[in-house]
Amino acid sequence: MSKKEENEEILRLRQELKETKTRLAYERMRADAYDKMITLAEKEFQIPVRKKSGTKP
């Protein structure tokens, strides 16, 4: 592999890493939003949405 190809590969991998980190951040925000939404729904409507641990299916 030539030096130019190595540099291009490094740049491509850095860009891919940056995009992956951005997607991860959005997915974490999405998960937090769903958690908050469930918490508010349980509080507002007094309906348990989350399963209790140790219960039978």
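View 1. Let us start with Glu42, which is partly exposed, at a relative accessible area of 21%. Buried would mean under 20%. In this predicted model, the side chain of Glu42 meets that of Arg50 in a salt bridge, with 2.9 Å from N to O. Arg50 is partly exposed too, and its relative accessible area is 32%.

**View 2. Arg50 again, now with Asp35.** Here Arg50 forms a salt bridge with Asp35, and the closest N and O atoms are 2.4 Å apart. Asp35 belongs to helix α1, while Arg50 sits in the segment after α1, so this pair ties together parts that are 15 residues apart in sequence. Asp35 counts as partly exposed, with 40% relative accessibility.

**View 3. Arg12 and Glu16 within helix α1.** Both residues of this pair lie in helix α1, which covers residues 3-45. Four residues separate Arg12 from Glu16, about one turn of the helix. Their side chains form a salt bridge whose closest N and O atoms are 3.0 Å apart. How exposed is Arg12? Arg12 is partly exposed, with a relative accessible area of 42%. Glu16 is partly exposed as well, at 40% relative accessibility.

**View 4. A network around Arg12.** Take one step back from the previous pair, and Glu9 joins the picture: Glu9, Arg12 and Glu16 are linked in a network of salt bridges. How many salt bridges does the count give? The count comes to five salt bridges, and among them are Arg12 with Glu16, Asp35 with Arg50, and Arg50 with Glu42.

Key: Residues numbered from 1 in each chain as written. Predicted model: local features only at pLDDT ≥ 70, side-chain atom pairs only at ≥ 80, totals over all residues. Heavy atoms only, no water. Salt bridge = Lys/Arg side-chain N within 4 Å of Asp/Glu carboxyl O. Helix = DSSP H or I, 4+ residues; strand = E, 2+ residues; numbered from the N terminus. Buried < 20%, exposed > 50% of the residue type's maximum accessible area, 1.4 Å probe, protein only.
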